[in-house]
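Thank you all for coming; I would like to walk you slowly through one model today. Please have the sequence and the picture in view as I talk.

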Amino acid sequence: MLHVQEADPLPGLESPGFRYEERIRSIEVFRFDQELTRRLFFENEKGSVCGYLKLSVNRFSGWGEYRLPNTKKPFDLVGWASVYMNLKGLNIAQAFQLLQGKEENWGRIRKELAESALMDLSSTLETPFSFATSR
């Protein structure tokens, strides 16, 4: 007689350290185009740059949004966002520890953006499939 055991669709989710030991694997920064920015802000804020930061661990992501008022032109997004590469390979606790004391080097906006994305990622990892039950 053949015995078939059903596979667990998400192995390891029950283990206590699973979610927070996941390491940041992907970091993406998005910038809105100028036309969208013009429609979102008043005339005096047309020079603003805004977009999203996305931090991912395996198949889960956390998002933060930013707005930089009246930046000088041209704005170097790659250079501005390069500080986030320090987060790659860290787990969430290590990433939060790294952010302590970074405001002076990174600036308030970049530090708070990283914290926002990490908090969103933490929330997503606590209840990864809550969106399926909330509808």
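Let me begin with β2 and β3, which run antiparallel and are joined by nine bridges, and please keep in mind throughout that this is a predicted model. If you want to find individual pairs along these two strands, Val49 stands opposite Leu68 of β3, and Leu53 has Gly64 in β3 as its bridge partner. How many residues lie between β2 and β3 in their hairpin? There are two, and Asn58, which sits in the turn, has a positive phi of about 50 degrees.

On the other pairing, β1 and β2 are also antiparallel, here over six bridges, and Ser26 stands opposite Ser56 in β2. Putting this together, we have an open sheet of three strands in the order β1-β2-β3. β1, residues 26–31, and β3 are at the edges with a single partner strand each, so one side of each has no neighbour in the sheet. From one strand to the next, the twist averages 20 degrees. As for β2, it is mostly covered, with eight of its nine residues buried.

Now to the helices. α6 packs on the sheet, where it touches β2 and β3, and its direction makes about 155 degrees with that of β3. α6 also packs with α4, at an angle of about 160 degrees and with the two axes 10 Å apart. Because angles over 145 degrees count as roughly antiparallel, α4 and α6 are therefore described as roughly antiparallel to each other. On the α4 side, the contact is made by Ile92, Ala95, Phe96 and Leu99, while the residues from α6 include Ala114, Leu118 and Leu121.

That brings me to the interior. In soluble globular proteins, nonpolar side chains tend to be buried together. Here the largest nonpolar core has 27 residues, and those with the most contacts inside it are Leu55, Trp80, Tyr84 and Leu87. Which elements each supply at least two residues of this core? They are β2, β3, α3, α4 and α6, and α6 gives the most, with six residues.

I would like to finish with Leu55.

How values were computed. Residues numbered from 1 in each chain as written. Predicted model: local features only at pLDDT ≥ 70, side-chain atom pairs only at ≥ 80, totals over all residues. Heavy atoms only, no water. Core = buried A, V, L, I, M, F, W, Y, C linked by side-chain atoms within 4.5 Å. Buried < 20%, exposed > 50% of the residue type's maximum accessible area, 1.4 Å probe, protein only. Helix = DSSP H or I, 4+ residues; strand = E, 2+ residues; numbered from the N terminus. Pairing = 2+ DSSP bridges. Axes fitted to C-alpha atoms, helices over the stretch in contact; angles between N-to-C directions. Contact = heavy atoms within 4.5 Å. Parallel < 35°, antiparallel > 145°, perpendicular 65-115°, else oblique.
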